[in-house]
Amino acid sequence: MNIKLVMGLVGLVALLAFLAPPLLKLKSLPLTLVVLIGVAMAAYEFIEHVSGKEE
C-alpha cells in the first residue's frame with residue numbers, strides 16, 4: 001500500500017477520534033455542522049493529495 005494513503009487514513013481517523021467526544025457529549029447542531037464541514041474539508045484535501053492533483 002502507498003504510504004501517503006496509509007498516513008492520510010490514519011490522520012483522518014485521528015481527526016474523527018479527536019472531534020467525536022465533544023460531539024457526543026454536547027449534541028449541538030451548530031457544532032455538529034461545523035465539525036462535519038471540517039471533516040469534509042480534510043477528506044477532500046486527502047483525496048486531492050492522494051490522487052496527485054496538486055499544483
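This section describes the overall form of the chain in a predicted model and then the setting of residue S51.

The secondary structure of the chain consists of two helices and zero strands. With a radius of gyration of 13 Å, well over the 10 Å that the globule rule gives for 55 residues, the chain is more spread out than a compact globule. Along the principal axes, the C-alpha atoms fill a box of roughly 35 × 20 × 10 Å.

Of its 55 residues, 13% count as buried.

Residue S51 belongs to helix α2, which spans residues 29-51. The relative accessibility of S51 is 42%; S51 therefore counts as partly exposed, since this value falls between the 20% limit for buried residues and the 50% limit for exposed ones. The side chain of S51 reaches two backbone oxygens: that of I47 at 2.9 Å and that of E48 at 3.2 Å. Both distances, 2.9 Å to I47 and 3.2 Å to E48, are within the 3.5 Å cut-off for a polar contact. Between S51 and P21 there is a separation of 30 residues in sequence, and their C-alpha atoms are 31 Å apart in space.

Methods
Residues are numbered from 1 along each chain as its sequence is written. This is a predicted model: local features need pLDDT of at least 70, side-chain atom pairs count only at pLDDT 80 or more; totals for chains, interfaces and linings use all residues. Side-chain values use heavy atoms; hydrogens and water are left out. Helices (H or I, at least four residues) and strands (E, at least two) are DSSP runs, numbered from the N terminus. Buried means under 20% relative accessible area, exposed over 50%, partly exposed in between (1.4 Å probe, protein chains only). A polar contact is a pair of N or O atoms within 3.5 Å; within protein, one must be able to donate a hydrogen and the other to accept it, and residues adjacent in sequence count only if both atoms are side-chain atoms. The radius of gyration is taken over C-alpha atoms; the globule rule is 2.2 Å times the number of residues to the power 0.38.
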